[in-house]
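Hi there,

Here is the structure I promised to hand over.

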Amino acid sequence: MDSGMTEHAGVQLAHVEQSPTRQVWRRVVFAAVVLTFTVLIVWLDRDSYRDGDQVGIGLLDAVYYSTVTLSTTGYGDITPVTDGARLVNILVITPLRILFLIVLIGTTLEALTARSREEFRIRRWRSRVRQHVIVCGYGTKGRSAIRALQATGTPLEQIVVVDPEPRAVDEANSVGLHGIVGDAGRTDVLRRAHVERARAVIVAANRDDASVLITLTVRQLNPNVLITTSVREEENANLLRQSGANIVITTSATSGRLLGLSPDSPRVVDTVEDLVTGGHGLDLKQRRVSAGEVGLDPRQLRDIVLSVSRGGRTLRFDDPLIGTLEAEDVLVVVRSHPAGGHVAVV
């Protein structure tokens, strides 16, 4: 098999395109309109045509003449004999003939070149894509992760979805996402997504064993990429860290804690939900210390500082080791989302 075809297998770029059936029917209808218009022209001037030795033609003759003329067959049995009819043929019917042929040839060329155009688009995308985020799994977790990426400023064209279900990738394409159909635990599938150039990989698989395999494969192909993975069972979290995941989120345990808090502390649950839902209310942000903030106490900042990362260590807001802020510090802060802000939902 051609190596280029293998590299492109399963790659589906986001674009809006009419179905082939609809395109063909649109051209058929247009060709029928052109034919009908030509028949009408000939029929209205029927006394200016000769069929053999007989001057004047009937409606069937007009249809026949228009058909063979537009298709350039031209048997010559029906001919215009007056100057007016010949002038109409030159100025009107000949352009209609050319238009008719363009419609027919365009339909054929569309079918022949559609695959080539798609191959070209894929090759161009593959040559340009870098510093993107790969989302493995387009289920509930994957879609939520993409909404959060959008909320933090990642454009759709910088997100690539990998899912074994063609229907899921089709859905991702429909909202503007590029996708790869295939198992994210396979090396060849991740290479099609250019995992070696990605800045981050989000593993949103539905099973923990699949998450482990995907994480191991990603880490093997890109030793430096940031891997964030979800795990259903808390006991498997350590296994995923050993497999190479930088961040492990235990979905069932986190949901369970929020459920347990809800009867006695519903406002706590509301606030946590607000913090993790980007685009409105309160947002969690990670940012570097600005030049004007160096030397200040974290409590002097307008943003509420939750933690400070310094020298590979993460210090909580109340840790006395923080002291004053330094130039290389990375902050996790809470800030209010600006009024009127809008985040597209996929």
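Strand β2 (residues 49-51) runs antiparallel to β4, and three bridges join the two. Across that pairing, Y49 stands opposite P80 in β4. Two strands are called paired if DSSP finds at least two bridges between them, and the strands themselves (E, at least two residues), like the helices (H or I, at least four), are DSSP runs numbered from the N terminus. The sheet here is an open one of three strands, in the order β3-β2-β4, with antiparallel pairing. β3 (54-55) and β4 (78-80) stand at its edges with a single partner strand each, so one side of each has no neighbour in the sheet.

**Before you go further**

This is a predicted model, in which local features need pLDDT of at least 70 and side-chain atom pairs count only at pLDDT 80 or more, while totals for chains, interfaces and linings use all residues. Residues are numbered from 1 along each chain as its sequence is written, and side-chain values use heavy atoms, with hydrogens and water left out.

**The protein overall**

The protein has 11 helices and 14 strands. Of its 346 residues, 38% count as buried, meaning under 20% relative accessible area, with exposed being over 50% and partly exposed in between (1.4 Å probe, protein chains only). The accessible surface comes to about 20100 Å², and 57% of that belongs to carbon and sulfur atoms; the areas come from the Shrake-Rupley method with a 1.4 Å probe, and for residues only the protein chains shown count as cover. Among contacts (heavy atoms within 4.5 Å) with a separation of 6 or more, 63% are between residues 24 or more positions apart.

Helix α5 (residues 140-151) has 12 residues and reaches 17 Å from its first C-alpha to its last, close to the 16 Å expected, which is 1.5 Å times one less than the number of residues. Its buried residues are G142, A145, I146, L149, Q150 and A151. The cover over them includes β5 (133-136), β6 (159-163), β8 (200-203) and β11 (282-288). After α5 comes G153, with a positive phi near 100°.

In helix α11 (residues 266-276), V269, D274 and L275 are buried. Here the cover includes α10 (251-261), β11 and β14.

**Around β12**

β12 (residues 304-310) is joined to β14 (residues 330-336) by five bridges, and the two run antiparallel. I304 stands opposite V334 in β14. β12 also pairs with β13 (residues 313-316) in the antiparallel sense, over four bridges, and there S307 has R316 as its bridge partner. β12 and β13 form a hairpin with two residues between them, and G311 in the turn has a positive phi of about 60°.

In the loop between β11 and β12 you will find E293. Is E293 buried or exposed? E293 is buried, with a relative accessible area of 14%. Leaving out residues up to four places away in sequence, E293 touches R287, L301, L325 and L331.

**One spot on the surface**

W25 is found in helix α2 (residues 20-44) and counts as exposed because its relative accessibility is 55%. Together with V28, V29 and V33, W25 forms a nonpolar patch on the surface, with about 400 Å² of accessible area in total. Patches are made of residues with over 30% relative accessible area and no salt bridge, with like charges joined within 9 Å and nonpolar side chains (Val, Leu, Ile, Met, Phe, Trp, Tyr) within 5 Å. A salt bridge is a side-chain nitrogen of Lys or Arg within 4 Å of a carboxyl oxygen of Asp or Glu.

Best wishes
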